[in-house]
Amino acid sequence: MKPKVAFFDFAGCEGDQLQVANLEEELLNLLGQVKVVSFREVMKEHSDNYDIAFIEGSCTRLQDEDRLKQIRKNAKIVVAIGSCATIGGINSLKNYKDLDEVRKTVYGENARLFDTYSARPIDAVIDVDAYVHGCPIDRDEFLQVVKSLLLGKKPDIPNYPVCVECKKNENVCAFERGQFCVGPVTRAGCNSCCVNEGTICWGCRGLVDNPNENSQKEVLIKYGLTVDDAIGKFRLYFGWQERKR
Amino acid sequence: MRIILKEDFAEFVNTLIKNNSLNVIGVKSKGDKFAFGHLESASELRLDYDVTLLPPKKYFFPQRETLVTYNVANGFSAKDPADIKPMVIIGVHPYDIVALLHMDEIFRETKSDPYYFEKRKASIIIGVNIQKMSKWCFAPYMGCAIIDYGYDLMLTDLGNRYAINIGHAKGEELLMKYAKNVTDALARDIQLVGQKKREIMSMAQQKFDFETELIPELLSKSYGESGFWEKHSEKCLACGSCVLVCPTCYCFDVKDNPDLSLEYGERIRTWDGCLLEDFAKIASGENFRPTRPTRYRHRYFKKGKYLFDRFGFISCVGCGRCSSNCLPDIANPVNLFNDMYHETRSMGVQVAPATEPEVDIQTEGNIDYVPKLATIVKKVPMTAKETFFEIKLDDGSDVDHKPGQFVEVSVFGIGEAPISVSSSPTKKGTFELCVRKVGNVTTKLHTLNAGDKVGVRGPFGNGFDAELLKGKDLLFVAGGLGIAPLRSLFNYVLDNREDYGRVILLYGCKEPRELLFGDELLALAKRDDVEFKPTVDWCPENEVWDGNIGVITTLIPQVNFDPETTYAIVCGPTIMYKFVIADLKSRNVPDNHIILSLERRMKCGVGKCGHCQINQIYVCKDGPVFNYSKIKGVPEAL
């Protein structure tokens, strides 16, 4: 019996599900191993009978918690996909602002109709069995995680920073190009894809387990960033994790 | 020495490139930096570079390399015989050539790494003397800035021409076959090359305040120096950059990569680094080098002391890549060693050069990364966490182990894990494992059943010296799963009972339901030639236990033994050793009568990957069985 798989989304851009939909040929191979019973982005059907739930997006409202808990109840395995779901993502930027202001900015006059609370990753609400980090997720890593789950193996998500992959890929360090990067504290697994393309690591995969944040902030400042900008670099993706630490 | 005009050299390189049987590699620019890469034309060559981002070791020990492929139906096979084009690597600086010579020795020790040497043998190295020195470079201090060995050809830029030193017949042949207008050097050119070399020796901007031959001894005196390593590593990001760019670093990790059918896959090795947090972490979660200062220190000791003691060289060539890649600027060996030198001096400690170590490197055959296919013939659940497996190699051979050795067990698509053989070598046809469910491999193994296939490599490690123990009284001390490796020796002793004196087994676990090999232990109680005492840390109300209650050390006062004739054989969780050893010592057991079996993250099994290293010792190769007298001074051991 093929495991039944469902996709769900919360506050996010649905870009991670799009990555899955864009697997193209590999998606067909994947469908040889699993049966997709719910995937709003590519199909009309829906079923609540599933084994693996992939959840995209952050939890940003109290009432979303019930839906999350229901998914947890239905699924044997819950996988968070994408930064919003795994680490709170850029949604957590709002946690540093006054939430009423945020509501007004987003919804204008009708703000009072829309509830909100601090954005959080889904493991702040329910237990999560596996993570596919990234903004958006990497298709190959998504497949790696699925394969691991099918084999009954804990997915192999690195606990070392992006620098490891960057060095293996023989990139010129972003700092040496006069740019500012949070790769030294960001969890690897993306094969340093952004730096490979000549840009920087923004930190979308979140912090490694034990980052040396002080040293990294010192490095950013030593190379010419203001203290505020250095803090901003950290907040972009690490907002939730930083508050929790 | 020969001479070739630069335009003729370019022609030579272009001829090599046009020859489809060669893979021509050279130094090219990459942004403002340089990197070795495939050459399309001689015009891409930048022999005036300072340093490349990565050293040329990537061509022999690639960032990612398939070791083994597997097919669930047929088992494991070696990677297809590599279609290796002979490589010509142009523009290697002397320090990187020395680094390759270091790698050669490391990958040759004990057993040769076939994947490294198949590529190494198919390569021709054309070196170039340094024209610009990176500001981080200190190769002159390490004796690696100019060399007269290790290359096939060595170029020196003399303006409109190159002087070529021939290091090896392979280089000369290449030159004769493909280069035009090569002439013998005149006295003037020979003199010029000598002058260039002298200039190189004074190019370094990094300066040591002392003779670098003092490094091994300086390190010896600084291992436990309070605060020193903490101070230097405070800003360490544990990003691994320093070790990943190092030309002499060789640690690796091994992973399985199944394809989507889950039927086929490959086993891959990738670069790893001892600075990374999880490097010495085992499946149970225990991390043997958990802090940044200890990992930071390990790097310097590995380069400056452990490899020196083993091979006789300091495994640093002074390229300066670690320094230049460290964002907080704490990885510069020159700064660290200068500071160490001055601190040591300020404390009045005199440091003399280390005596040349006795280097005795044996090598025999190749490492076999391909597991043998084996079948589970029996599976018996023992406790909630442990399962007993009896396994038979499909080729009908015996695993042929010594008591105390371990095998690497493979599960398709999951990976490999080191597991001690639990049966005595006297048992033929099959062997036994007692496996605790802790990591991916062991968890999956627990779901397999009789008839299912696994892979087996080994046996590995030294094992117990059953000969040495002959005629002695044996005191076995086992904690928890520690009984599993001890059982291989214990059963061997029972099968050769007349060769040994008294046999005492003390065995402790947390609670009665965790007792392993219960039936066998019951049978022991009936024997009059074995003294057996079990204990449990505690007994829950719903369980029955009429034996001792208390940790394992509470059993030691309950047995009488003669410390002069008794050997204690101890295996258990890490925490157990120091207490058991202290109690044995208080009973006057000499240090060399205490034998331990240690657990670490043993990935390759052959002393290469680096994960199981405790100070200078590879547990997988030098252990896992150790005489306490040999490791009591090894700080990371216990």
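I take a cavity to be a set of points, on a 1 Å grid over the protein atoms alone, where a 1.4 Å probe fits but cannot get out, and I count as lining any residue with an atom within 4 Å of a point. The model is predicted, so I kept in mind that local features need pLDDT of at least 70 and side-chain atom pairs pLDDT 80 or more, while totals for chains, interfaces and linings use all residues. Residues are numbered from 1 along each chain as its sequence is written, chains are lettered from A in the order in which they are written, and side-chain values use heavy atoms, without hydrogens and water.

**Largest cavity.** I looked up its lining and found 23 residues, with B:Arg299, B:Lys303, B:Cys316, B:Cys322 and B:Pro333 nearest the centre. Helices here are DSSP runs of H or I with at least four residues, and strands are runs of E with at least two, numbered from the N terminus. H9(B) gives the most to this lining, with four residues.

**Second largest cavity.** I noted 16 lining residues, of which B:Cys236, B:Cys239, B:Cys242, B:Cys326 and B:Ile330 lie nearest the centre. H9(B) again gives the most, here three residues.

**Sheet.** I then traced an open sheet of six strands in chain B, in the order S18-S17-S20-S15-S16-S19 with antiparallel pairing, where two strands pair if DSSP finds at least two bridges between them. S18 (415–420) and S19 (431–436) of chain B are the edge strands, each with a single partner, so one side of each has no neighbour in the sheet. Within the sheet, S15(B) and S16(B) pair over seven bridges, and B:Lys379 stands opposite B:Phe389 in S16(B).

Note on methods
1 Å grid on protein atoms, 1.4 Å probe; cavity = no way out; pocket = protein on both sides within 12 Å on 5 of 7 lines; lining within 4 Å.
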